[in-house]
Amino acid sequence: MFKIFGDKRLFLLLLCLIIFISIMGITYIKREEVTWPEKISDDTTSWFQQLMYKPASMIAGFFGNINDVSTVYEENQALKQTLSFYALDRARLNSLEKENERLKEMLQFTQLQKEQNNYTYRIAQVVAVSPDLYNKTIKINLGSENGIKENMAVATEDGLIGRVNRVTPFYAHVEMVTNLSETALDSILIHAAVSSSEEFETYGTITSFDPIEERLLMTKIDPNDPIAEGDLIVTSGLGGVFPKDIIIGTVDKVEVGEFGLTNVAYIKASADFKQLHEVFVIEVPE
Amino acid sequence: MQLKILKIVAIIWVAFLAEGTLTVWILPSQWDIAHHWTYVLILMVALYQHRYFAIALACFFGFLHDVLYYGHMLGTYTFAMAIGTYFIGWFANKKNVTFYFRNYLLMVAGIIFITIFLFFLYKLFQVHHLPFYWAVGHYILPTVIYNALFAAVIMVPFRNLLGPFQQPQENTDK
């Protein structure tokens, strides 16, 4: 008969089991500080990863460019059209901005209030992407030395992709919104709103990501609030973590929630979470 | 001997770096695949070199993975890789026959083990709520096939580097 474990071996194995389960349990809850061995191993390995990620992305990008040549004419046409719209909007925006400034001056806004929505977008290169399916994180080449702090929002030009969840001196970890889960203890919920509504504001909370449908779930929407397919969803700035007006995605479908009291919206994220070159870290003035 | 160990560690180190960087660009982005290159190489060390050395490597690189891609918690990969390496190494040690195909099957068994193990480990901590049958079709099966192909490609060159079989010298399980 097979004897899988000798006595000593069984004891050691069980001890390992207990130790590992407790390590996982302890580190699962929010941790305060990054310890120095973590910082050292993380920063040195990240430096090597950076050496590999950049050339690989450049080579892949080169072949992507060759592919793009065929569609460049149509794309150019479409871009010209949007550019003309953009110029019109720009003129309107300028006058509105001036008016807004004047009104703020009249109402004696403090300096902080004036600059509240004046975010700085810090560009960062992606260094590595987690190869794990259940734990989607990326690493960027800005760290605490560059003024990056935990919980800063991270976006691409298309929309929100995540938040900074750990910072080492030269690099930072970004936890993607696809990592969100209602029951995961470390999730930070995103408070969101419908951007296009004129009189009513529709609010909700983005609680989880559904990998089967590939949609973000926005829950706790008041059934009387207007929300329809195709509405643009942005961060509301109310949760205290994510700043206001970052695009999240568009509404795909709206359903009645679990208990029938609130609505649930399925949101198609605007940002592409795969094959990222560079991302923006959004810094809010303090 | 020292030089060989260094060489092995260096190759696994490069595989570890490539896992999170190169793979993103050489595979289509739509594929939901986990890359276990490091783990496959460590399994080969367990099969052809020394299983305790392999477990040490699994602990080291597993923990490095946990720290580097810290999302939910630390320790998942360390645990999964160490346990997988331990069982495959133990199983290989039981019978002293070594031929190419048996070792390949053992490696595939190791890959199946780690993918299923990670699925349930994350499910235990309520990180996800995916039904198992859905995950088999979308995550586990593609990952196993992909990593088994990687193992098939890397097996002969890496075995030649590892040199002659040494395992049966110690047979402490009796």
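This is a predicted model: local features need pLDDT of at least 70, side-chain atom pairs count only at pLDDT 80 or more; totals for chains, interfaces and linings use all residues.

Student: Why is Thr115(B) called buried?

Tutor: Buried means under 20% relative accessible area, and Thr115(B) has 6%, so the residue counts as buried. Leaving aside neighbours within four places in sequence, Thr115(B) is in contact with His36(B), Ile140(B), Thr143(B) and Val144(B).

Student: What makes Asn151(A) partly exposed?

Tutor: The class of partly exposed residues lies between the 20% limit for buried and the 50% limit for exposed, and Asn151(A), at 21% relative accessibility, therefore counts as partly exposed. Asn151(A) is found in the loop between S2 and strand S3 (153–155) of chain A, and its phi is near 70°, a positive value in a residue other than glycine.

Student: Which value of phi does Asp245(A) have, and where is the residue placed?

Tutor: Asp245(A) has a positive phi of about 65° although it is not a glycine, and its place is in the loop between strand S9 (232–235) and strand S10 (247–256) of chain A.

Student: What can be said of chain A as a whole?

Tutor: Chain A has 4 helices and 12 strands, and buried residues make up 38% of its 286 residues. Among the contacts in chain A with a separation of 6 or more, 59% are accounted for by residues 24 or more positions apart.

Student: Turning to the helices, why are H2(A) and H1(B) called roughly perpendicular?

Tutor: Helix H2 (residues 36–68) of chain A and helix H1 (residues 2–20) of chain B pack at an angle of about 65°, with their axes 9 Å apart. Angles of 65 to 115 degrees count as roughly perpendicular, and H2(A) and H1(B) are therefore given that description. H2(A) passes H1(B) in a right-handed crossing, and the residues of this contact divide into 8 nonpolar, 3 polar and no charged.

Student: What makes H2(A) roughly perpendicular to H4(B)?

Tutor: The axes of H2(A) and helix H4 (residues 51–68) of chain B come within 10 Å and cross at roughly 90°; since 65 to 115 degrees is the range for roughly perpendicular, that makes H2(A) roughly perpendicular to H4(B). On the side of H2(A), Glu38(A), Ser41(A), Asp42(A), Thr45(A), Ser46(A) and Gln49(A) meet Leu64(B), Val67(B) and Leu68(B) in H4(B). These residues divide into 3 nonpolar, 4 polar and 2 charged.

Student: How do you know that H5(B) and H6(B) are roughly antiparallel?

Tutor: The axes of helix H5 (residues 76–94) of chain B and H6(B) come within 9 Å and cross at roughly 150°. Angles over 145 degrees count as roughly antiparallel, and H5(B) and H6(B) are therefore roughly antiparallel to each other. Their crossing is right-handed, and the residues of the contact divide into 16 nonpolar, 3 polar and 1 charged.

Student: How many aromatic pairs are there over all chains, and why is the pair of Tyr134(A) and Phe119(B) called edge-to-face?

Tutor: The count over all chains comes to 23 aromatic pairs. The rings of Tyr134(A) and Phe119(B) have their centres 6.1 Å apart and their planes at 65°; pairing asks for centres within 6.5 Å and edge-to-face for planes over 60 degrees apart, so the pair is edge-to-face.

Student: Why does this pair join two chains?

Tutor: Tyr134(A) lies in the loop between strand S1 (120–129) and strand S2 (137–140) of chain A, and Phe119(B) in helix H6 (residues 100–124) of chain B, so the pair joins two chains. Tyr134(A) is buried, and so is Phe119(B). Both belong to a cluster linked by ring pairs, whose members include Phe120(B), Tyr122(B) and Trp134(B).

Notes
Residues are numbered from 1 along each chain as its sequence is written. Chains are lettered from A and ligands numbered from 1 in the order in which they are written. Side-chain values use heavy atoms; hydrogens and water are left out. Axes are lines fitted to C-alpha atoms, for helices over the stretch in contact, and angles run from 0 to 180 degrees between N-to-C directions. Angles under 35 degrees count as roughly parallel, over 145 as roughly antiparallel, 65 to 115 as roughly perpendicular and the rest as oblique. A crossing is left-handed if the near helix is turned anticlockwise from the far one by less than a right angle, and right-handed if clockwise. Ala, Val, Leu, Ile, Met, Phe, Trp, Tyr, Cys and Pro count as nonpolar, Asp, Glu, Lys and Arg as charged, and the others, Gly among them, as polar. Rings of Phe, Tyr and Trp (its six-membered ring) pair if their centres lie within 6.5 Å; planes under 30 degrees apart count as stacked, over 60 as edge-to-face and the rest as tilted. Buried means under 20% relative accessible area, exposed over 50%, partly exposed in between (1.4 Å probe, protein chains only). Contact means heavy atoms within 4.5 Å.
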